[in-house]
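Take a look at the model below. The report then works through it from single residues to the whole chain.

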Amino acid sequence: KYNGVIQHCFQVGRAPELTGISGMLEGYRGVFSTGLTMSGPTVFAEVINYAAAQARAKQDANAAVGEQSYTILLILTDGAVTDVEQTKTAIRNA
């Protein structure tokens with residue numbers, strides 16, 4: 001939650017994309033100084049769908065100029081998944 005409002009998708013780190021393990025660790029450590037409070041419900045489908053769309057767009061753009069790309073989605077959670085069926089669907093579609 002940010003200011004009492006549940007948000008399932010939010011930026012971790014200073015930039016929309018992080019580079020390398022050190023970038024992920026910096027983003028992870030920094031997010032807790034932003035006022036984030038971990039709480040339920042734990043919803044993954046929205047995050048997976050958003051990340052998959054971003055990854056597809058980047059992959060398509062890179063393929064158009066003969067380059068490759070890859071995306072890693074790291075999901076951190078403090079609870080059980082509440083949208084299990086939607087999460088399974090999102091993973092299959094990703």
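Is glutamine 7 exposed, partly exposed or buried? Glutamine 7 is partly exposed, because its relative accessible area is 36%. The cut-offs are these: buried means under 20% relative accessible area, exposed means over 50%, and partly exposed lies in between, with a 1.4 Å probe and protein chains only.

This is a predicted model, in which local features need pLDDT of at least 70, side-chain atom pairs count only at pLDDT 80 or more, and totals for chains, interfaces and linings use all residues. Residues are numbered from 1 along each chain as its sequence is written, and side-chain values use heavy atoms, with hydrogens and water left out.

Glutamine 7 sits in the segment before α1. Methionine 38 belongs to the loop between α1 and α2. With a relative accessibility of 34%, methionine 38 is partly exposed.

Helix α2 holds alanine 64. Helix α2 also holds valine 47. Alanine 64 is exposed, because its relative accessible area is 68%. Valine 47 counts as buried, because its relative accessibility is 16%. Leaving aside residues up to four places away in sequence, valine 47 touches His8, Cys9 and Leu73. Touching here means contact, that is, heavy atoms within 4.5 Å.

How do sequence and space compare? The table lists residue pairs, with distances taken C-alpha to C-alpha.

| Pair | Apart in sequence | Apart in space |
|---|---|---|
| Glutamine 7 and threonine 82 | 75 residues | 14 Å |
| Methionine 38 and glutamine 7 | 31 residues | 10.0 Å |
| Valine 47 and phenylalanine 10 | 37 residues | 8.9 Å |
| Alanine 64 and leucine 76 | 12 residues | 33 Å |

**The whole chain**

The protein chain has 3 helices and 0 strands. Along the sequence, the pattern reads α-α-α. Both kinds of element are DSSP runs numbered from the N terminus: helices are H or I with at least four residues, and strands are E with at least two.

The C-alpha atoms fill a box of roughly 45 × 30 × 20 Å along the principal axes. The protein chain has 94 residues, and 19% of them count as buried. Take the contacts with a separation of 6 or more: 75% of them come from residues 24 or more positions apart.

The accessible surface of the protein chain is about 6900 Å², and carbon and sulfur atoms own 55% of it. Such areas come from the Shrake-Rupley method with a 1.4 Å probe; for residues, only the protein chains shown count as cover.

**The largest pocket**

The largest pocket holds about 1500 Å³ of space. Its lining has 44 residues, and Phe10, Val12, Ile72, Leu73 and Leu74 lie nearest its centre. The elements giving two or more residues to this lining are α1 (20–31) and α2 (45–64).

A pocket is found on a 1 Å grid over the protein atoms alone, as an open set of points where a 1.4 Å probe fits, with protein on both sides within 12 Å along at least five of seven lines; lining residues have an atom within 4 Å of a point. Grid points are joined across faces, edges and corners, and the volume is the space filled by probe spheres set on the points.
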